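Please read the following report alongside the sequence and the model. It takes up a few local features in turn, beginning with the backbone.

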Amino acid sequence: MSEANDWKNSLNLPRTAFPMKANLPDSEPKRLAAWKSRNWYARVREARKGKPRWILHDGPPYANGHIHLGHVVNKTLKDLSLKRSSMLGFDAPFTPVWDCHGLPIELQVDKSLGSKKNQLSPVAFRQACQAHAEKFVGIQSEEFERLGVSAEWTRPYYTMAKSYQATIVRCLARFVERDLVFKARKSVHWCLSCKTALAEAEIEYEEDHISPSVDVRFPLSAAGVSALAAKVPQVAGRKVHVITWTTTPWTLPANRALAFNPDLEYGFYEESPGGPVAILATGLKDATLARSRTVEPLSLNDPIATVKGDVFEGLDFRHPWIDRTSPGVLADYVTLDAGTGIVHTAPGHGADDYDTGIRYGLEVDCPVTDRGFFTADIEHFAGMKIWDANPKITEFLHERGALVSKVPYSHSYPICWRCKNPVIFRATAQWFIAMDRRGFREKALAEIKATRWIPSWGEDRIRNMIAARPDWCISRQRLWGIPIPAAYCVACEEPHLETSILARVADTFDKEGADAWFARDIADFLPEGFKCRKCGGTKFRREDDILDVWFDSGSLHAALEAHPDRKVSAVADLYLEGSDQHRGWFHSSLLVSVGTRDHAPFKTVLTHGFTMDGEGRKMSKSLGNTVEADKAIKQYGADVLRLWVSMVDFREDMRISDELLKRVAEAYRKIRNTCRFLLSNLYDFDPSAGHRVTEPLDQYALAVHYDFESKIRAAYEEHDYHALHTLLVHYCTVDLSAFYMDVLKDRLYCDAAAGPRRRSAQAAMFRIADGLARYMAPLLVFTGDEIYESLHKAEPGTVHEREFPEPVTPDEAILAAWKPLLEARESALKVLETARAAKTIASSLEAALTIKGSAEALAPLRAHEALQAPFPGNLANLFIVSSVRLEEKGGSTLVIEVARAEGVKCTRCWTYSPEGKAAATDPRGALCPRCADVVLAVEAR
């Protein structure tokens with residue numbers, strides 16, 4: 001016999017091997033190892049064989065460095081999308097891809113090689129770059145896999161794969177075939193640090209950049225004065241000059257014109273009575289006067305004459321110190337926003353300037369080297385670094401009497417997004433893709449409109465970028481990348497980028513890789529008998545430039561489709577990247593696909609924000625506010641980090657800190673403990689035995705669960721991953737833990753183990769636990785499988801091989817019927833808490849409730865109480881008290897009174913009952929009627 005007052009052996013106490021403490025940093029790697037040993041990714045693929053395909057193209061991360069929180073967010077969201085698609089019944093394969101070419105790797109290899117680089121051939125250097133990329137592909141693969149991301153990690157794909165390199169060349173060939181590629185000397189963004197041209201996607205802006213702005217006098221030539229006097233007699237015989245303003249004094253040596261707005265009003269102002277006459281826009285006179293105080297204050301009165309800007313077209317002005325003229329030209333971009341209304345124009349150093357120069361046939365002069373030094377032919381400043389030349393030029397202008405002002409000017413300035421250094425416009429010969437030939441831009445804009453954008457503002461953002469972007473500069477002056485397979489005639493330097501050459505190159509790359517371009521003779525890539533189209537020459541040299549790496553990653557859709565053994569659709573159901581990729585990968589992918597196939601490579605595009613610290617500041621090592629991904633996973637586990645991704649609104653910038661992660665870990669603990677309760681009360685339940693859910697409370701719990709499933713399924717389907725955290729935590733802590741599981745404990749622990757009421761509860765709990773495991777699996781990949789494994793010990797495989805449960809429409813009648821019961825329970829809990837505080841009772845089972853109200857108000861409670869009544873009654877069970885009495889009295893609002901329960905306390909279930917049945921001689925104490933029957937049956941066995 002048990003010891004006195006000990007009914008433990010007769011109770012159905014919880015049992016489970018599912019630990020309360022998750023210990024995720026240790027348990028997750030073990031589970032991952034078990035998955036890998038069973039080749040889980042292949043098993044998932046096999047389970048979905050024959051199902052409709054759902055495709056996500058992996059916007060390739062860069063193969064350089066360990067993963068950071070941005071990678072965690074991105075890969076978690078991608079994995080969520082893929083796993084939810086798989087569990088929705090789609091075949092959702094995932095080929096992980098890496099972007100391996102480009103400057104960061106080249107610079108890292110430069111640094112590691114040091115002076116040894118000069119001893120290496122181009123092929124040897126490229127092989128060193130490849131080895132560096134391969135190293136980090138391996139490192140990042142392991143780190144992504146540790147995060148719980150499922151993919152074909154044993155066979156990743158990357159831009160330096162031979163087949164991928166060949167596909168890039170074939171995409172370029174298609175552009176050539178469509179007459180969209182050309183070479184020209186144009187003014188493009190140039191990074192002096194990286195020594196290469198940059199595309200629009202590689203430009204960021206420093207909003208508070210300080211430039212040394214100056215106002216400069218350009219005198220009108222004698223011939224110009226005579227020509228102007230015919231229209232403005234007041235300037236006849238006078239010394240006349242314009243005042244122009246610039247924030248880049250270093251570009252003045254390249255000045256070739258002065259631009260006026262044809263519709264603006266310009267005034268002629270005497271700088272002194274009878275003295276020189278200055279020309280500037282009348283609307284900017286006061287601002288110009290204010291700036292002049294920094295040198296020698298001007299004294300400009302009313303203009304002696306005014307004209308429209310078109311008067312100055314064709315007039316010759318003199319450069320301040322170089323012996324040449326600068327003609328007046330007209331341009332709509334000249335405004336009254338800043339300056340003098342007269343724009344210093346250097347076609348070699350600005351996009352608008354270049355376009356104006358082409359329109360007027362100006363020389364496109366660029367006297368600056370690729371490293372930012374003036375060429376030898378620049379008077380007074382030859383060989384000088386342009387940034388160092390700014391103050392020197394300003395002082396020189398002052399000495400010559402040409403300087404009107406010098407003012408530090410804060411403005412937005414382009415910087416390189418890799419090295420973060422200021423860039424310049426520099427006219428060089430580059431390869432371009434034309435945006436305005438053959439309706440290319442219009443097709444791209446139409447495809448943007450046909451795509452679904454999440455959030456919706458993404459559509460406007462990329463549309464505005466495509467609508468305004470210049471021709472795409474696709475050449476880079478580097479070595480680590482895909483070469484532009486052009487041949488130059490040795491005799492006349494005519495470039496040849498021909499489809500016939502590109503076809504040979506692509507076929508060679510398929511077998512040998514892109515290194516072949518640098519290893520083989522150029523003749524190996526030329527068709528037999530190939531001659532220069534211009535001069536008939538037969539000797540050629542190869543192009544040394546490589547393709548913009550955005551062209552590489554933008555060709556991913558074609559590379560996946562042409563993959564030797566995977567053949568992934570070139571049109572993805574989803575593209576998912578950070579919001580900066582509207583100007584990056586989304587942008588280049590759209591252009592490559594539209595340029596080669598006339599349609600976008602995506603149906604839906606989803607963007608996420610960036611990670612910030614807990615105070616909303618950008619993370620940086622200097623501020624000491626970074627959270628390292630590897631450390632966070634080792635401290636909290638991957639599932640907690642994934643839960644954080646769903647907690648924050650990924651569509652905006654996302655905050656993270658140790659404090660936030662502790663909150664997420666607490667939310668995870670609540671979810672886990674809820675699931676542990678379910679599992680620990682299913683230890684003796686056989687789901688195959690056909691037990692039915694018969695009890696009203698269990699039927700209500702299932703209705704709530706089906707409602708939960710419908711909401712979380714909708715969140716998955718709509719990619720509303722921000723809702724997952726809220727739905728899971730609320731359901732587990734409120735609907736289950738605070739209500740259903742709380743009410744259920746007495747029945748689970750104290751009823752007969754195989755009694756119909758306990759089996760009803762277990763049948764409901766099993767369905768709830770199974771649904772929870774499946775619906776949390778895409779998010780909490782390890783925990784979801786741990787729960788599923790505990791439920792289905794006899795079944796092989798992981799939860800990820802299963803699908804979401806078939807949707808069940810919640811029974812609205814049940815939900816409606818329980819609404820007044822829950823409201824009454826909520827009121828009862830408040831009254832009981834007050835009684836506890838007043839020490840009227842210590843626990844709710846010491847209470848007897850009297851509920852008073854009108855017949856109408858009491859009707860739902862009476863109906864519930866009238867159902868087949870277990871001890872001590874349906875309402876007593878619901879409110880977790882020893883008795884409930886209903887009294888028809890008063891109005892529609894229920895009044896609940898608390899009194900101490902009468903009778904004997906059951907020493908097994910602690911309920912008070914007047915009908916205690918324990919034998920007087922039993923030292924274990926009194927039992928209520930229900931417990932007495934259960935104990936009798938237990939001890940009879």
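Is D598 buried, exposed or partly exposed, judged by its relative accessibility? The model is a predicted one, and in it D598 has a relative accessibility of 33%, so it counts as partly exposed.

## Backbone features in loops

D598 sits in the loop that runs between α17 (585-597) and β24 (602-608), and its phi is near 70°, which is a positive value in a residue other than glycine. K195 also has a positive phi, of about 55°, although it is not a glycine. The loop that holds K195 lies between β3 (181-191) and β4 (196-197), and K195 is partly exposed, with a relative accessible area of 34%.

One joins I454 and P455, with omega at about -5°, and P455 has its place in the loop between β16 (452-454) and α12 (457-468). Another joins F871 and P872, where omega is about -5°; P872 is found in the loop between α26 (855-865) and α27 (874-879).

## Cysteines

## Helix α28

Helix α28 covers residues 929-940, which makes 12 residues, and at 1.5 Å a residue it should span 16 Å.

Which residues of α28 are buried? They are P929, R930, C931, A932, V934 and V935. The buried residues of this helix pack against α22 (722-750) and against β31 (912-913).

## Enclosed spaces

Rolling a probe the size of a water molecule over the atoms shows where empty space is left. In this structure there are four cavities of 30 Å³ or more, and the largest cavity holds about 120 Å³ of space. Its lining is made up of W40, Y41, V44, R45, L82, K83, S86, M87, A92, F94, S150 and H800. The elements that give two or more residues to this lining are α2 (40-47) and α3 (69-87). By class, the residues that line the largest cavity divide into seven nonpolar, three polar and two charged.

The second largest cavity has a volume of about 70 Å³. The residues that line the second largest cavity are G102, L103, T196, E202, R418, R476, R478, W480, I546, L547 and V549. Sorted by class, this lining has five nonpolar, two polar and four charged residues.

Notes: Residues are numbered from 1 along each chain as its sequence is written. This is a predicted model: local features need pLDDT of at least 70, side-chain atom pairs count only at pLDDT 80 or more; totals for chains, interfaces and linings use all residues. Side-chain values use heavy atoms; hydrogens and water are left out. Helices (H or I, at least four residues) and strands (E, at least two) are DSSP runs, numbered from the N terminus. The expected span of a helix is 1.5 Å times one less than its number of residues. Buried means under 20% relative accessible area, exposed over 50%, partly exposed in between (1.4 Å probe, protein chains only). Contact means heavy atoms within 4.5 Å. On a 1 Å grid over the protein atoms alone, a cavity is a set of points where a 1.4 Å probe fits but cannot get out, and a pocket is an open set with protein on both sides within 12 Å along at least five of seven lines; lining residues have an atom within 4 Å of a point. Grid points are joined across faces, edges and corners, and a volume is the space filled by probe spheres set on the points. Ala, Val, Leu, Ile, Met, Phe, Trp, Tyr, Cys and Pro count as nonpolar, Asp, Glu, Lys and Arg as charged, and the others, Gly among them, as polar.
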